[in-house]
Every structure is written in C-alpha cells, then in structure tokens.
Amino acid sequence: MNTRWFYTQLWHIAPFFIRRYLRKRAEKAPAYLEHWPERFGGVFPNPVQQPIWVHAVSVGETRAAQPLIRELRHHFPDAPLLMTQMTPTGRATAEMLYPDAQCRYLPYDKPEWIRQFLNEHRPRFGVLMETEIWPNLMHGCAEAGVPLFLANARLSEKSQNGYLKVRKLVEPAMQTLCGCYAQTAADAERLHLIGASNVHVCGNSKYDITPTEAMHERAARFKERIGSRPVVVCGSTRDYKGVNEAQLLLKAWQTYQGDALLVIVPRHPESFQTAYDAAAALGFNVQKRSDDAPVAAETQVWIGDSMGELTAYYLVADVAFVGGSLVDAGCQNVIEPVACGVPTLFGPSTYNFADACKGAVEAGAAKQIFSAQEWQHTAAQWLVNPQNRAQYAEHAAQFVEKHHGASKRMADRMVENLSSVVENMNERRF
C-alpha cells in the first residue's frame, strides 16, 4: 500500500475529529473557536505575496524564531514576513513580536488546503521551527518549488521511535527539505535516522534571545508593585495528565517561613484561575497580576495571569523554577531564566531541553531537583545566600555566551542552500 496515499485519505475524515477537539479545547480557551477558515482551507483575505515564511507551532517556537528572523532580514531586507502557527497563544505571541508580519494559522495537512495556502502566498522559502513534520506540506512545497528548511531542529528519542514506526511516510517527506539545522549532534543523528539529509549541527537559537528594552521596562514596573521583597518565580507551570504542577509547588511552599513572594506563571491562560484557586484553597494570601494593584505586604503568592511577559517575571526573580519538569512534560525553556542571569531550578523531566539542562548544570548555571519539597528547600537556601546566587548568575552569563551564534549559522546556511537551489533550477532550465 502507498503509505502517503493512505495518510492523505485519512484527511477526508480527520477534519470532523479535529473540529470536535478544537471545540473541546475552547471550553477552557475560547480562542480555539476563532479563525477556523484559516485552519480548514478557507480563502485568506489579502494574502502577503512572496514572503519569508516561518512556521512556529506555539509560543516557544515563535520566540525561538526571533533571532533567526533578525538574521534572515539582514539577507532579505525587503522581503515581507509571513508567520504561521497552530495555537492561539502562538498566534498572539507572533502578533506581539512581529507587528509588521502577516500572522495566520497554517492549514491542516490536506493536500488541496496546502496547495491553496502556497498559491495564495507564493513564499520565497519556508522555515519550519524545531519539530514540525507534515508530509503533505513538505511534498507540496517541493512540488510548488518552494524551498523548505527545518531550523532549530530537535528530536527526542521518544519522538524518533514514533516516526520510525511510519518511516515509509516520514522519510520521503524529510528528503524534500533543502536543509535541516539541528540543535545538537544527538538531534542530528536522530533526524538522519528518520530520513533527513543535508543535516548540520548549528546550535539552539534560544541562546541568541536577549531581553528587550520593553521587557526591562515591564520588569521595572513589576518591581515597583512588589517592592523590596525577594522573589521566587515559577515559570510556565503545567497541568499534565491530571497533575497540576502549580499545586505541587504551592503545597511545598506551605512550609516556607520567610518573606519572599512566590510568583506562579502558568503556561496556558486556562490555568490562570486554577492556580489562583489552588493558592487560596491552601490558605495563602494571593493576588493576580491583572488586578494592576501594588502587591500587599501580606500577599504570599502572586499569580502571573498574563501572556508574553515571562521574561519580565524572570528579570525580577531572585530564584527561578522552570515548569513542565516536575510533571512529565519534558521541561519548558530553561534557557530563558538562565539568560536573564537568574539562579535556576528544574525538575527531573527534561527531554525537551535535555542538552541545555545538562549543560547548564555542568556549567554551574542551574540545578536539577527531583521533588517539590527539594525545590522549596533549595530555593529557601538560595534566598538567604546571595553569594551563592551571584556565582550561579556569573556562570549563567558564561554559559549563554558560549552558545551564542546559532541563528547566524542557520541563516548563513540557508542563504548558501538557496543559492544552490537557484543554480540547480537554472541548470535544469537550460
């Protein structure tokens, strides 16, 4: 059986189930009900023409694209920018970070929807961020003559094993890529095993992200509201497979005896109220960032119920914890607080940032803990030991500086590969 044919046939029935899934997600996040025509092959109004097209699934990938886009714009200063996402939070982040770009959802992987998308925009080239493998999209780009790259690419062992089960579908799609730029040598090897060629290890663009002036200004306003108290920030906490990470942290924090303010910043907006309710139920005096009021002296927990401000929260932190790591969600972006010079803790689940977590620990820029109780104990120790925190901050700066430059390496490789593509097309034409 032709595997791609069978995969394509599934897309005749998949939209029914996807719509049900989106309606279910919308019960907690109503934004999932918006812009459906973009997802399901509707005609897009006033599509930007011949853009640099970057596809970034959600918030993390969209932020990771920032320094790469900056480098690409050095090479293509007059090209418009098209940003596509799959999640409402990713779309909102793109609209905030790239006000001059056209932002929309990428259609699902039905061939006619992909053809319409490519015909509408006629991209100069496309960049898929991190781990986005859509076979019909990739084949569609090759058939339309749109060079396509996989950038900042990463692939866990678990994902590799999953893709190997459908290798006859994935391998031909991977071979359509004009370039594949991996974060680490281990990622490169796994990508090669599922069919990628022209793979280069370029590093992780997230090391190239520096806090903007706007984030420093927002952090200053946070500091005014908080006052002189020490601050512990738990960023991107997750609800995962029935386990509420924020609740684990809050329960452990009940034994803390000092005056530090605990800031909980959930990963998803639908978890903002849940975190607030959990803190109140445990007896904490709690406030929300959205009340726009000074943090009262008696407030013990502050809920960061805002999107796009995580860097600002980290900039006011004395100690940071990275969520998605006490639950088995693989850890969120550990590089972000380290790059802010904050002593950083993370839990046992790190498969999404395995190399960064390992390197940060070895460099003395972060520490791994294995329970919420150990997190509370370590954070409390660091709060009363400013010299120890200063050492972590110094090591963090050295660690991040060591890994700078991935975005430029990827952009330079893309330009080289695009030149080769043009030369090959000219040779075939004549």
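**Figure 1. A seven-membered aromatic cluster.** In this predicted model, Y7, W11, W36, F40, Y108, W113 and W134 make up one aromatic cluster. Rings of Phe, Tyr and Trp (for Trp, the six-membered ring) are paired if their centres lie within 6.5 Å, with planes under 30 degrees apart counted as stacked, over 60 as edge-to-face and the rest as tilted. By that count, the structure has 19 aromatic pairs. A word on ground rules: residues are numbered from 1 along each chain as its sequence is written. As the model is predicted, local features need pLDDT of at least 70 and side-chain atom pairs count only at pLDDT 80 or more, while totals for chains, interfaces and linings use all residues, and side-chain values use heavy atoms, with hydrogens and water left out.

**Figure 2. Two edge-to-face pairs.** A pair of aromatic rings is described by the distance of the centres and the angle of the planes. F125 and F149 have ring centres 6.2 Å apart and planes at 85°, so this pair is edge-to-face. F125 sits in strand β4 (residues 125-129) and F149 in strand β5 (residues 148-153), so the pair links distant parts of the chain, 24 residues apart. Helices here are DSSP runs of H or I with at least four residues, strands are runs of E with at least two, and both are numbered from the N terminus. F125 and F149 are both buried, where buried means under 20% relative accessible area, exposed over 50% and partly exposed in between (1.4 Å probe, protein chains only). The other pair, F222 with W302, is also edge-to-face, at 5.5 Å centre to centre and 90° between the planes. F222 belongs to helix α11 (residues 213-226) and W302 to strand β13 (residues 301-303), so the pair ties together parts that are 80 residues apart in sequence. Both F222 and W302 are buried.

**Figure 3. G126 in strand β4.** G126 is part of strand β4 and has a relative accessible area of 0%, so it counts as buried. Contact means heavy atoms within 4.5 Å; leaving aside neighbours within four places in sequence, G126 is in contact with W53, V146, P147, L148 and F149.

Figure 4. E132 lies in the loop between β4 and α7 (135-144). Its relative accessible area is 11%, so E132 is buried. Not counting residues up to four places away in sequence, E132 touches H55, V57, M86 and L150. The C-alpha atoms of E132 and R154 are 9.7 Å apart, and the two residues are 22 residues apart along the chain. R91 is in helix α5 (residues 88-97) and, at 7% relative accessibility, counts as buried. Leaving aside neighbours within four places in sequence, R91 is in contact with H35, E38, Q85, C103, R104 and Y105.

**Figure 5. Helix α6 and the residue after it.** Helix α6 covers residues 111-121, and its buried residues are P111, W113, I114, F117, L118, E120 and H121. An α-helix has 3.6 residues a turn, so residues three or four places apart point the same way. R122 follows α6 and has a positive phi, near 50°.

Figure 6. Most residues other than glycine have a negative phi. N152 is not a glycine, yet its phi is positive, about 55°. N152 is in strand β5 and, with a relative accessible area of 0%, is buried. K241, not a glycine either, has a positive phi of about 50°. K241 lies in the loop between β9 (239-240) and β10 (243-244) and, at 71% relative accessibility, counts as exposed.

**Figure 7. Zooming out for context.** The protein has 19 helices and 16 strands. Its radius of gyration, taken over C-alpha atoms, is 22 Å, close to the 22 Å from the globule rule (2.2 Å times the number of residues to the power 0.38) for 430 residues, so the protein is as compact as a globular protein of that length. Of the 430 residues, 55% count as buried. Among contacts with a separation of 6 or more, 68% come from residues 24 or more positions apart.
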